[in-house]
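Please keep the sequence and the structure in view while reading.

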Amino acid sequence: MTHKLLVVDDELISMELMKAVFHEERYSLDFAHNGKEAFEKVLFKGVRPHLYSECRIKDSQDNKLINDNGYDLIITDIKMPLMSGITFYKEIVKCAPCMRKQIVFLSAFTDEHEERKFLRENRCAYVKKPFNLRELRTVVNSRLKKNSL
């Protein structure tokens, strides 16, 4: 089965690097430029039902359960316009708590204390920017493996 990843970043160079790295892994990629766009994509596409049978995202308009063709993992930057990665995480986890283990953060740690505190308290996986491609691949593959157990 091909893993489906959502990459959320406002920096084109980061998106292009991830496209190159995960193309080699033969992963299917989707992109969003900020947390707001990513949130809408996740609400529309949901999460993969085979990963978490108890995980359902409710559609705010008609209360349907949406989870077909969803993402196996989301890679998101922390600092972005419109909605930060941290706000995106909090909003998604409100809708679908099981997704907390499906998100990997990227951070340059410009506001180190608050970002590190958030990542530590929520036990989030992260890769420091500028990221090492091997490290990014390792963290993503490890998280995908844990999520599929």
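In which hand, left or right, does α1 pass α5 in their crossing? The crossing of α1 past α5 is right-handed; a crossing is right-handed if the near helix is turned clockwise from the far one by less than a right angle, and left-handed if anticlockwise. The model is predicted: local features need pLDDT of at least 70 and side-chain atom pairs count only at pLDDT 80 or more, while totals for chains, interfaces and linings use all residues. Residues are numbered from 1 along each chain as its sequence is written, and side-chain values use heavy atoms, with hydrogens and water left out.

**The helix pair α1 and α5**

- Two packed helices are described by the angle between their axes and the distance between the axes.
- Helix α1 covers residues 12-24 and helix α5 covers residues 133-147; helices (H or I, at least four residues) and strands (E, at least two) are DSSP runs, numbered from the N terminus.
- The axes of α1 and α5 come within 11 Å and cross at roughly 60°; axes are lines fitted to C-alpha atoms, for helices over the stretch in contact, and angles run from 0 to 180 degrees between N-to-C directions.
- The two helices, α1 and α5, are therefore oblique to each other; angles under 35 degrees count as roughly parallel, over 145 as roughly antiparallel, 65 to 115 as roughly perpendicular and the rest as oblique.
- On the α1 side, the contact (heavy atoms within 4.5 Å) is made by L17, M18, V21, F22 and E24, and on the α5 side by L133, L136, R137 and V140.
- These contact residues of α1 and α5 divide into seven nonpolar, no polar and two charged; Ala, Val, Leu, Ile, Met, Phe, Trp, Tyr, Cys and Pro count as nonpolar, Asp, Glu, Lys and Arg as charged, and the others, Gly among them, as polar.

**K129 and its surroundings**

- K129 lies in the loop between β7 (125-128) and α5, and P130 has its place in the loop between β7 and α5 as well.
- A cis peptide bond, with omega about -5°, joins K129 and P130.
- K129 is buried, with a relative accessible area of 11%; buried means under 20% relative accessible area, exposed over 50%, and partly exposed in between (1.4 Å probe, protein chains only).
- The side chains of K129 and D77 make a polar contact at 3.1 Å; a polar contact is a pair of N or O atoms within 3.5 Å, where within protein one must be able to donate a hydrogen and the other to accept it, and residues adjacent in sequence count only if both atoms are side-chain atoms.
- Leaving aside residues up to four places away in sequence, K129 touches several residues, among them D9, E11, L106 and S107.
- S107, in strand β6 (residues 103-107), is buried, with a relative accessible area of 1%.

**Backbone exceptions**

- Most residues other than glycine have a negative phi, and most peptide bonds are trans.
- R26, in the loop between α1 and β2 (28-32), has a positive phi of about 65° although it is not a glycine.
- R26 is exposed, with a relative accessible area of 66%.
- L82, in the loop between β5 (73-77) and α3 (85-95), has a positive phi near 70°.
- L82 is exposed, with a relative accessible area of 71%.
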